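Let us walk through this model one region at a time, beginning with the terms that the description relies on.

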Amino acid sequence: ACPGTRLAGLRYLRNQAVANPMISGATPLSMGELALQRNDFAGAEMLFRQVLAVSPQSLEALRGLGYALFQRGALADALAALEDVIKRAPSDPLGRLLMGRLCLRLQEPAAAEKHFQRILKKIPGSEAALSGMVSVALALNQANEARRLVQRLLALHPQSEVSWLAAATVA
């Protein structure tokens, strides 16, 4: 890590604590998660790297780093981080979901499908994985399969915004 990274991370924490006194006792990991929620992907990346410098085995920090990098468009680095997550925790649904979405972004729908299918084996009604499968079907020009998946998604999650967004992509 760069020598200034820790200092920048500490400054970020201090600034966030000043802006929100409720989080003054927060850890860099929780601050990284908060930065993700605020769409501050650069701040999240910095904080997750700081956590990993101290705790290289932190799956949560590695997953968060992969997501932050993905959102920042650093796809090769995101791929490396998420591959490490999958290697360490092959059944981690969130790691698989992120990897599936990254594979779609990299125009590798067959690889994405494998990740979403792994989630569906563990969590059969997962709306995130089913939505991913809709995207896979569309990427593979399988319109009928996409419509079938949307029907299943709407049957399982009729009030879900995710379901209706998937339905809109197939319409």
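A residue is called buried when its relative accessible area is under 20%, exposed when it is over 50%, and partly exposed in between, using a 1.4 Å probe and protein chains only. Helices are DSSP runs (H or I, at least four residues), numbered from the N terminus. The model is predicted, so local features need pLDDT of at least 70 and side-chain atom pairs count only at pLDDT 80 or more, while totals for chains, interfaces and linings use all residues. Residues are numbered from 1 along each chain as its sequence is written, and side-chain values use heavy atoms, with hydrogens and water left out.

The buried residues of α7 are P109, A112, H115, F116, I119 and L120. They lie on the same side of α7 because they cover an arc of only 140° around the axis, the arc being that of the directions from the helix axis to the C-beta atoms. The face turned away from this buried side carries the exposed residues K114 and K121, whereas the cover over the buried residues of α7 includes α6 and α8 (127–139).

Helix α10 (residues 161–170) contains S163, which counts as buried because its relative accessibility is 0%. Leaving aside neighbours within four places in sequence, S163 is in contact (heavy atoms within 4.5 Å) with E127, L153, L154 and H157.

Conventions
Helix = DSSP H or I, 4+ residues; strand = E, 2+ residues; numbered from the N terminus.
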